[in-house]
Amino acid sequence: MAGLVPPPPTAPDTPKEDERTDYFNLPCPIAYDEISREAYMSLKPELFEGLRIDFTKGLNQKFSLSHSVSMGPTEVPSQSPETIKIPTAQYEFGANFLDPKLMLVGRVLTDGRLTARLRGDLTDNLSLKANAQLTNEPHMSHGMASFDYKGRDFRSQFQLGNGALFGANYIQSVTRNLSLGGEVFWAGQHRKSGIGYAARYNTDNMVATGQVASTGVVAMSYVQKVNDKVSLASDFMYNYLSREATASLGYDYILRQCRLRGKIDSNGVAAAFLEERLNMGLNFILSAEIDHRRKDYKFGFGLTVGE
């Protein structure tokens, strides 16, 4: 008898939840000057040549001191197509103050350069960033400050610097994945002005950006996340005033104890950067850059001690 009982009627398929964009609840975009940060991290590691040792000692939870020693060749400007290098050595002393609402970083080098950076939150939405460099060379010292305002679905920034430099930018979320922005600047010392536009589209697995400016620069970047450990990145830059173009392709591979980044560009320059964690607070660094066209080969290794 049980087999003669008809099966209960199945419930009709419920329609999928409406996936239309809620324009009153858009996410806040990243800052305009960080629009290509994913591609920058993969394609522009901090390459160096020679030996580098960095040591950081924490005095308490907020204050730390750093020491850095670097030895290696330095390129000298020359009219010759071949690269001319001279051996140099340098020591750098630094002090760092890190707080959730305030960051102060200072560096002084043996060649007389002094650099300083500041970042502080004035309110929950307004922050101040400043950086400066003082040198013994004439006309090489500079300073810049910027005020960043973070809205619910937009960001804006106002910049001012020495040489009568003024700039402003704004970026707005248009959808949950797309943000559009623009910038203007005025360099009073050189009597130059410019305007630029930018777009960024991102999902959980990819980021694509595009920028164009009246200075002649057109830049595009694309980052694809293959999995949690591997990302592929590419960028393209074209200057329609000088008719010069460059493109590069790179990767970012994160393992449990190391991170490997590398790239190759349209000029034939290949580079790789390896950070290996040997122990708690001890990292080993390898850096390499090969340019066969200019016969320029750069290799470096170093240690980072301290957290």
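Let's start with a word you'll need: a residue is exposed when its relative accessible area is over 50%, buried when it is under 20%, and partly exposed in between (1.4 Å probe, protein chains only). You're looking at a predicted model, where local features need pLDDT of at least 70, side-chain atom pairs count only at pLDDT 80 or more, and totals for chains, interfaces and linings use all residues. Residues are numbered from 1 along each chain as its sequence is written, and side-chain values use heavy atoms, leaving out hydrogens and water.

**Stop one: Arg 191.** Select Arg 191, in the loop between β10 (178–187) and β11 (192–202); strands here are DSSP runs of E, at least two residues, numbered from the N terminus. Arg 191 counts as exposed because its relative accessible area is 67%. Check its backbone too: phi of Arg 191 is near 55°, a positive value in a residue other than glycine. Most residues other than glycine have a negative phi.

**Stop two: Lys 295.** Now hop to the loop between β18 (282–291) and β19 (296–305), where Lys 295 sits. Phi of Lys 295 is also positive, near 55°, and this lysine is exposed at 59% relative accessibility.

**Stop three: Asp 252.** Next, pick Asp 252 in strand β15 (residues 244–254). Is Asp 252 buried or exposed? Asp 252 is buried, because its relative accessible area is 6%. Show side chains, and you'll find a polar contact of 2.6 Å between Asp 252 and Arg 259 (a pair of N or O atoms within 3.5 Å, one able to donate a hydrogen and the other to accept it; residues adjacent in sequence count only if both atoms are side-chain atoms).

Note on methods:
Helix = DSSP H or I, 4+ residues; strand = E, 2+ residues; numbered from the N terminus.
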